[in-house]
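Trainee: I'd like to go through the labels on this one. Can you take me from each definition to its value?

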Amino acid sequence: MYDIIIVGAGTAGLSAAIYGVRAGKKVLVFEEKSYGGQIVNTPSVENYPGIKNISGFEFATNLYEQAIELGAVVKYEKVLGLEIKENTKDLTKTILVKTPEEEYESKTLILATGAKNRPLGIEGEQEYIGRGLSYCATCDGMFFRGKDVAVVGGGNTALEDAGFLSNYCNRVYVIHRRNEFRGEEHLVQNLRTKSNIEFVLESKVIGIEGEGSLKRIKIINTNSKEEKVIDIAGLFVAIGQMPDNSAFSDVVSLDGYGYIHGNEDCKTNVPGIFVAGDCRTKTVRQLTTAASDGAVAALAACEYIG
C-alpha cells in the first residue's frame, strides 16, 4: 500500500514526488517512457526563476535524481486504468492502479501525464515521420545541416525551433496560419535578425510529397486560397500539444479536449485523486506552473491522507 502514486515523471510528477517524500509519505511514480517529459528536448531553459540558463535534459535529470535520493520509487510501466475500491470494514476507499505487470494500491493518486505533440492531421503525415518529418527540432535538426527546412507553428516552441535550426540549415521557413505569432515578441524579433529565416504567414500545410523521403510540401494561403509548393528536406511540426488521458476517462472528468478537470487546487471530481501539470485544464502551461502544480497536488494529497 502506497500513500501516493503518481502517474508521469515529468516536471509536475517529479515535483509532486519530492514534496510527497519530504512529507514522510511512501511515494511511487509510474512513467511509460523516460523521465523528464517534453522539457528534455529543450536545448536551453531561460525562464525558470532562480536558474539563468540550463538545458532541459540537465533540469529534468536534476529533478529526477533529487526525487530518487529523497526516497521516491520510479517504475517504468504503462498505467492501463484505475479502479476505486471500497473498504467495507472501515468505510475508506483505496485507489487501484493497473499496469501490464501488476496492480498497485494507494491511498491517493496524482495524475501528471503531461501532453504529447499535436499532429498536422493531413494525409501522408504518418508515412513521412522519420523520413523528413519530425516533432522535435533539437532531436533531429542536425540531420538537416545545410538543407532547407520548414517549421509549422506560431508559439514559443515553433519560434525556438526555428532559431535553433537557423544555426545549421540553409533556409528555414516558418509557416503560421495567422498573421501574428502567439509566441513571445523577443523570440520573433530574434528571428527577424536572421537572414536565412523566411516567415510564411496566413498559411497552412495541406500536403506532403516525396520519393522515399520528404521533398516538398504544399501550402495554402488562408485568405487568398492561393496554393504553392515549397521544396524542403525537413518539416518540423510545433503546433501545440494534446493530452492522453483516455485510460482515466471512466474515473475522472475530462473536458472536450481530453484535459482532466482541475482548478488551481489540483483536485479532480474524485476525492483522493489529484491532477498536476499540462494534463489538467489551465490557461498557462509552463515549466514553472508544472512544478507549482506538483507541489500543490502533493500537499493536497498529504492533507487528504491526514
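This is a predicted model: local features need pLDDT of at least 70, side-chain atom pairs count only at pLDDT 80 or more; totals for chains, interfaces and linings use all residues.

Trainee: Okay, why is Arg280 called buried?

Mentor: Its relative accessible area is 1%, so Arg280 counts as buried.

Trainee: And what makes Arg280 and Glu264 a salt bridge?

Mentor: The term needs a side-chain nitrogen of Lys or Arg within 4 Å of a carboxyl oxygen of Asp or Glu. Here the N to O distance is 3.0 Å, so the pair qualifies. The two partners sit in distant parts of the chain, 16 residues apart: Arg280 in the loop between β17 (273-275) and α7 (287-305), Glu264 in the loop between β16 (241-242) and β17. Helices (H or I, at least four residues) and strands (E, at least two) are DSSP runs, numbered from the N terminus.

Trainee: Is Glu264 buried or exposed?

Mentor: Exposed, because Glu264 has a relative accessible area of 59%.

Trainee: What about Lys282 and Asp293?

Mentor: Their side chains meet at 2.9 Å, N to O, in another salt bridge. Lys282 is in the loop between β17 and α7 and Asp293 is in helix α7, so the pair ties together parts eleven residues apart in sequence. Both residues are buried.

Trainee: Which residues are joined into one network?

Mentor: Glu209, Glu211, Arg216 and Asp231, through salt bridges that share partners. One of the contacts is Arg216 with Glu209, at 3.5 Å, N to O. Arg216 has 22% relative accessibility, so the label is partly exposed. Glu209, at 32%, is partly exposed because of that value.

Trainee: How do you know that β12 and β13 pair?

Mentor: Two strands pair if DSSP finds at least two bridges between them. β12 (residues 203-211) and β13 (residues 213-221) have eight bridges, in the antiparallel sense, so they pass. Gly207, for one, has Lys218 in β13 as its bridge partner.

Terms used: Residues are numbered from 1 along each chain as its sequence is written. Side-chain values use heavy atoms; hydrogens and water are left out. Buried means under 20% relative accessible area, exposed over 50%, partly exposed in between (1.4 Å probe, protein chains only).
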